[in-house]
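Welcome! Open the structure in your viewer, keep the selection panel at hand, and follow along one stop at a time.

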Amino acid sequence: MKLSFRPYPLQLRHTFTVSICSRSSTPDVLVELEHDGVVGYGEASMPPYLGESIESVCTFLQQVDLTPFADPMQTEEILSYIDHLASGNCAAKAAVDIALHDLQGKLLGRPLYDLWELSADFQLPTTYTIGIDTAEVVKQKVREVEGRFRRLKIKVGVPGDHELVQAIRTVTDLPLTVDANQGWTDPKKALDEIEWLASQGCIMVEQPLPKQQLREHAWLTARSPLPIVADESAQRLADVQRIADCFSGINIKLMKCTGLHEARQMIQEAKRLGLKIMLGCMTETSCAVSAVAQLASQADFADLDGNLLISNDPFEGMQIVDGYIRLNSHPGIGIRKIKN
Ligand code: MG
């Protein structure tokens, strides 16, 4: 197997603001894994707050030597080798994992959901994120996507978030999910906010408090009228059990958890522990979004709009039809390259 990679900075359609930063592009590295003339695609997307960069991803990928693995179906062996090359580097590891799974599906001529005996026949809406902005711009953004989505997601935990919700409510009744990105610090105040948000047609809250505040999250989850989903508090498989008593669900993202192999294990563990499953993404191309969407039949919530937030997607894959995730029947992760 031959691994190649190149930096591919993603251009964002709108400047993106969360409670801790604002940006207009996202560093990204595209990966190809070739075996017997068949190519699997992978991707590492690096939003700045996760601590990876184009340099750190390329340094990691330069160390990867897959020549000892003659058989691309040796998933456990190959990905265990990748995971043990260095600590951290989750996005770089995810890039190899996605490319390997895409390659496997293509070699076997089947989509991954089919190889995993999962269905493509499900009704799961994805949210579409409306970034923080002035009331007028927010209203315009909502009008632009009206009719295309069944749920919207907004970022809260910043000054002016009530005005944002009220502005949205002047133009649409769509259910909202909210992501505080650890933006609240006092659990009692967070509960007041969540009760107000519930009265405004919000249906779920992501990561209300700082990630290490597990006891406070448990207090909040026990009292919240809305499900509370862990994002920053839960990155990898080992975190699922640790946070299980403190949240209603877990947001699984390939760039956090090193890829599809571990994401599947996290789903299994989360279901065993009675947690709801959310599938999320970074700003990323149709490559990583289509990869995680292979698991969509297992999810309660999906926030898979990363590819829609960029203007230079080199792939075409999973589609959103009438607000719902639609998988195609192409082998592997179900993408094709549309530009270099
Ligand atoms: Mg989040």
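This tour goes through the domains, the contact between them, a metal site and a helix.

**Stop 1: the two domains**

Keep in mind that this is a predicted model. Start by selecting residues 2-109 and giving them one colour; this is domain 1. Taken over C-alpha atoms, the centres of the two domains are 22 Å apart. The contact draws on 41 residues of domain 1 and 43 residues of domain 2.

**Stop 2: where the domains meet**

Turn the view until you can look at the boundary between your two colours. How much area do domain 1 and domain 2 bury between them? The figure is about 3400 Å², with 63% of it on carbon and sulfur atoms. Between domain 1 and domain 2 there are 17 residue pairs in polar contact, counting pairs with both residues at pLDDT 80 or more.

Now highlight the elements of domain 1 that face its partner. Which of them each supply at least two residues to the side that touches domain 2? They are the strands β2 (10-17), β3 (22-26), β4 (28-35) and β5 (38-45), together with the helices α2 (75-84) and α3 (90-108). Helix α3 gives the largest share of that side, with 11 residues. If you colour this side of domain 1 by class, you will find 18 nonpolar, 11 polar and 12 charged residues.

**Stop 3: a salt bridge across the boundary**

Two salt bridges are counted between domain 1 and domain 2. For your next selection, show the side chains of arginine 236 and aspartate 83. These two residues form a salt bridge, and their closest N and O atoms are 2.9 Å apart. In total, the salt bridge count comes to 18.

**Stop 4: the magnesium ion**

Next, select the magnesium ion and display the residues around it. Which residues coordinate the magnesium ion? Asp179 (OD), Glu206 (OE) and Asp231 (OD) do, at 2.1 to 2.2 Å. Along the chain, the donors follow the spacing D-x26-E-x24-D. Glutamate 206 sits in strand β9 (residues 202-206) and aspartate 231 in the loop between β10 (228-230) and α9 (237-243), so this pair ties together parts that are 25 residues apart in sequence.

**Stop 5: back to helix α3**

Finish by selecting aspartate 102 and lysine 106. Both belong to helix α3, 4 residues apart, which is about one turn of the helix.

Notes. Residues numbered from 1 in each chain as written. Predicted model: local features only at pLDDT ≥ 70, side-chain atom pairs only at ≥ 80, totals over all residues. Heavy atoms only, no water. Domains from an automatic or database assignment. Contact = heavy atoms within 4.5 Å. Buried area = accessible area lost by both parts, 1.4 Å probe. Salt bridge = Lys/Arg side-chain N within 4 Å of Asp/Glu carboxyl O. Polar contact = N/O pair within 3.5 Å; in protein donor to acceptor, adjacent residues only side chain to side chain. Nonpolar A, V, L, I, M, F, W, Y, C, P; charged D, E, K, R; others polar. Donors = N, O, S within 2.8 Å, 3.2 Å for Na, K, Ca; no water.
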